[in-house]
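Colleague: I am new to this one. Could you walk me through a few of its contacts?

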Amino acid sequence: MSSHHLSVERVVLLASLIGVCVSPLSGQTITYDAVSVDDGDRAPLVVIGTRVPTGSRHDMAGLEGTAWMLGKTLAAQTNAALGPEAEVTVYVGRSSTLFVLSALPSAWPIAWETLERTLFEATLDSTSFEQEWSTLERQLLFQRGSPGLDSELRSVQLIAPDSSPWARPTSGTPESLAALTVRDLEFLRLTEYSIGTSVVAAVGLDDDPVLRDHPSGRTTPPPDGPTSPPDGPAWTVGSRLSVTEEITSSWVSVAYPLRGPLPRTALEFVAHVIRWRLDPRPPDPDRYSIEVRLVDAPLGRVIVIDAAVAPGASERFEQEVLRIVSSLTEEPLEGDFFRWERRRFLAAQLLTGADPEVAVARITSDLMRDGEPRDLAADIWDITPDVVAHALGALGEPQIFRLGPDLASGGSR
Amino acid sequence: MRALLGLILLVTAPLAARPQASEAAFTPDTVLQMPGGLRIVVLRSDPGGVAALRLSIPFVETAAEAGAGRMLAALAERRMAGVARQVGARVSASRTPWGLAYSVEGAEADLDYLAYLLRLATAQPRPENGIVELIRAELILDLERQDESPGDRLLADLRRATAPDLSPLGGSHSSVRLLDQARLRAVWQRTHLAPSMSLVAMTSASAVTLLAMLEQIGLPKVEVTEPMNAPDSGVVNRGPPPPGSWYAEARVDHAVADPHAAVAAHLLAQNAAGSGTGLDLSVRVWQLRDRSLLVVAGTALSRPAITSLKETVRSALADFSDSLDAHQVAIAVGRVGREYRARARTPGGLVEQVGHMADRTGGSSDASLYLAGLGRVTAESLAAYLDGLGAPVAVESAR
């Protein structure tokens, strides 16, 4: 990596969430030279997240998995250079890659310098590449034919436009991996990785001059600005696809497109309410796993409900999802029911965000998408029944995908 | 409340002398001991809108009562779960080597509700019909599973060999079958006493506020209830030995919280992984109430390989002192310290670490002292620690 990358000026929006195990619902977005100080001396660990706006959607056709391998190789290379007091983990997504550094308070400045140098300057290490290549090869072979992975890929393709690179498999395929070389990784890094467009968030960090005076801290706003998703809707006509496969579970995915510029926290609240209602007590033994997510798809935001259920329960589960969403739309939450839902949502967000790794992931996403982190607690208290009704009213027709055995016809395709 | 405050002995920590930055999180800000009541330890920080509370109760079972703690924990967790779900709080109840631990974590705004959950957890068990039987069936299933698991069988044998005076936390087949509502109530009355309870909290509320919320928790004084001493049959229900050969050795550490144990286990595990013998070895520190075991266990699929397995396990422990390298020890100390701190990165994790250590040692600042001690571990001190351990105890199982 040439050294000119370091001379690119930028503003690093540092959400300095300070304190011991802080649940960072509201980070402060400030430039490096104004990092606030509070309780940093009592943090058991310093956690710093660096998000680079490069993900699997930047992979070239036939070389799927390039961004994945680049992220993994850089993390392995950094870890090889770090002492035992620090470690880097990496999460490669469709649109961005997040590196998370966890370090003892005494060790973070050197570890952070090592991470930044490795990400944007150092030559890629072929040994780390080979090791990560072998790991991914084993993983892909192990996953081949996995119905869960198959379902995930198909449901992602359902919410993206045809042939969208966003919908490609993030970790590639055995065939694309076989074609990958370290040069492909270098090319992706050279063309897409830029210190000027990355964002940083930290938890448990004091106002330390080493970070404040770091070259990446003295800069101007990111050239590309925030990367908010389009207002949508991602589609206007719903559809239903059912794939028969002789497997022992059924996979159901129901995706609702959203229309218009809606407050993100309110949409997450809607996803939370749907999830809560799909989780009865006592638990339904036919429901193995349920996940409700807000996804920034290429053409707009989407609420996706994914579930693995017993084969005989897939039809019932699908109908249950449709019924719950429909009833929320027709009979909006109000009064005590609304207040209890909001209280549970606040607690869930606080508890999830109390993990510094989750916190830096959320804040760097906010920074990249909106240019500033949300004050989640304030946003949650601002949610009203009207806001929720408006968000529910913005839901379009769902795309439904089901994968599983055909029980009615005796199981044959 | 003012009258109550007059009875309070207030001790402000830190008790440890100037802990380093990353240890400061583990040092209590306030320790409040109510005469005749519970102890409250508050960790200072801004927990960012989250409150985490962990209440522990020392608990010693006789052989005839073994498993009662597990059953009380299961009953408490059931009582808390439904109520906690209403406000999105996380709850758990667990049997530790030293007693029972009840934990709640949720929004700071729900602190009074979280305190109510703790009162609910520690209240006298009044299970609905069939619940005790259901939990007993689960405990028996656990015991049967352990009987089938070669690793668990080896650990049980090691416990019998090294700590015959300690009852297994999960109980025995005979003791669990005898646990009924009357027995559980008697054990609860003897143990759930306010003066023996200890709370570790991470919240922006003061210790006095917490005390007011938990004023009614636990029984006020010792009820004269004798522990049940009806002898356990001692019968161990066991099926045939598992296939293959299993062998384990343990060295006993009689210190309750010596950081050398974790460093030794880390290095032993590293040696085992890189030994290249092809044998499947595992290393662990097994914490019992008043001692810990440094265990190396292994398995060989064929009977002839048992000799090689025994030799490998023996030399892993016996030759360990000779192979200590200062650099490797320093790396292990760094890793163990980072992992310990990483488990404390959330409010719930921090109160668990501090409370767990206080249960072990009795000192509310001992998590901080443990970390400080860890930082002083060297190759020389580790060699001295290993020399001070008891002779290895061996157990085996072969078909």
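Predicted model: local features only at pLDDT ≥ 70, side-chain atom pairs only at ≥ 80, totals over all residues.

Colleague: What kind of aromatic pair do A:Phe269 and A:Phe345 form?

Modeller: Their ring centres are 5.3 Å apart, with 65 degrees between the planes. Planes over 60 degrees apart count as edge-to-face, so the pair of A:Phe269 and A:Phe345 is edge-to-face.

Colleague: How many residues apart in sequence are the parts that this pair ties together?

Modeller: A:Phe269 is buried, at 0% relative accessible area, and A:Phe345 is buried at 0% too. A:Phe269 belongs to helix α9 of chain A and A:Phe345 to helix α11 of chain A, so the parts tied together are separated in sequence by 76 residues.

Colleague: How are α9(A) and α11(A) oriented to each other?

Modeller: The two helices pack with their axes 10 Å apart, at an angle of about 105 degrees. Angles from 65 to 115 degrees count as roughly perpendicular. Therefore α9(A) and α11(A) are roughly perpendicular.

Colleague: Which residue lies over the face of A:Trp276?

Modeller: Among the residues making the contact between the helices are A:Trp276 of α9(A) and A:Arg344 of α11(A). At 3.8 Å from the ring centre of A:Trp276, the residue over its face is A:Arg344.

How values were computed
Residues numbered from 1 in each chain as written. Chains lettered and ligands numbered in written order. Heavy atoms only, no water. Axes fitted to C-alpha atoms, helices over the stretch in contact; angles between N-to-C directions. Helix = DSSP H or I, 4+ residues; strand = E, 2+ residues; numbered from the N terminus. Parallel < 35°, antiparallel > 145°, perpendicular 65-115°, else oblique. Contact = heavy atoms within 4.5 Å. Phe/Tyr/Trp six-rings, centres within 6.5 Å; stacked < 30°, edge-to-face > 60°. Buried < 20%, exposed > 50% of the residue type's maximum accessible area, 1.4 Å probe, protein only. Lys NZ or Arg CZ within 6 Å of the ring centre and 35° of its normal.
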